[in-house]
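Let's take a friendly walk through this structure together. We will begin with its overall layout and then turn to a pair of helices.

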Amino acid sequence: MTLIEQIKRGQFLKATCDFSQPFVAGEWVLDSGLHCQLLYRGVLQITPRELASDAKDIVLSSGIHGDETAPVELVQQIASSVVLGQIQPVHRLLLIIAHPEAINHQQRFMAENMNRLFQVRNFEKNNECRIANALQLAINSFYGTSIAIKPERWHLDLHCAIRPSQHDTFAISPYTDKQTRSNKLFSFIHHAKLDAVLLSNTPSPTFAWYSAEYHGAQALTVELGRVGKLGQNDFTVLAPFQHAILQLITDVTLPIIWTSEVEVYQVSRTIVKQQPDFFFTFNDDVANFTFFAEGHEFAVDGDKKYVADTHGEAVVFPNRHVVVGQRAALMVKKASLIFDEQVRVYAKSNPSY
Ligand SMILES: O=C(O)CCC(=O)N[C@@H](CCC(=O)O)C(=O)O
Ligand SMILES: [Zn+2]
């Protein structure tokens, strides 16, 4: 069976990871008039026959890291429901399962971390560079051929955390000077019942940042539980997120709302590894969002000692194994939102953790 035939039967994930078949791009139209285009291995564009003037362009990406499988299963479920005609999207969709080779090897990456390759076009020295370049082109073409005005471009890049976490699900809002923190996007965070959101304070070379920076997309990296094996993920925790995605795609109008149920953090600083013997003073099983009181030494990088600053800081994504020059952790502080048309963050003067 060809890849397209597999996808038509609802097997987007299986087809994407099936390297016994050569990749051949192709397109077909469903009885409903929905136009499906397989652009690259793992990149499926969906266009409804008719688009309202306020239609969105929605990118749902997964599998940038091969061992983060819940997002991959989620995109598979959505692709299957769409191509089998079980749900009717009213927006243009770009569904992505990014790195099938790493998925097959159950590894985060093969040669290098793909989610640090979205700043510029990459010299194609390995597969991650080739895929990241192809994804940049797919995104440029998807948003470039849209009728949507910029606030209606969306990109949710779905991931899972390596460590345990004090918040099972959370979003990271990339930093850009474009208006990419709309109250609609943050309402989605609320409706999806994500536990927390953290707002970056500097540009980062991630996939979500790429869409925000270069296309003004309402973009988030979304962390959905922990890494795990395909088929063994617990979808009960992710049910509200799954439900909110279906509402987003099929255009159920949701109220614009924000509540303090979602914990807000702002990044206070990014810790970049400078020396090969960089280490944290805590164990590898310490959870994301663990708080360190002011003055607590949490990392050592050669001669430099890192201590928590005024009122303390919490740590997210600590990883001593990253290559020199890359992010080893984000330090965050609790914050609050001003929920206007574009949300803004302000520091809590004396946050309690
Ligand atoms: O658990 C971890 O250490 C990493 C999970 C993950 O892949 N997170 C993304 C976050 C991207 C961002 O900062 O927006 C990543 O590190 O690429
Ligand atoms: Zn990831």
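Domain bounds here come from an automatic or database domain assignment. On that basis, the chain is split into domain 1 (3-250) and domain 2 (267-347). This is a predicted model, in which local features need pLDDT of at least 70 and side-chain atom pairs count only at pLDDT 80 or more, while totals for chains, interfaces and linings use all residues. Residues are numbered from 1 along each chain as its sequence is written, with chains lettered from A and ligands numbered from 1 in the order in which they are written.

Between the C-alpha centres of domain 1 and domain 2 there are 27 Å. Their contact draws 18 residues from domain 1 and 16 residues from domain 2, where contact means C-beta atoms, placed from the backbone, within 7 Å. On the domain 1 side, α6 (183-191) and β8 (196-199) each give at least two residues; helices (H or I, at least four residues) and strands (E, at least two) are DSSP runs, numbered from the N terminus.

Leu135, Gln136, Ile139 and Tyr143 in α5 meet Phe207, Tyr210, Ser211 and His215 in α7.

Definitions and conventions
Two residues are in contact if their C-beta atoms, placed from the backbone, lie within 7 Å.
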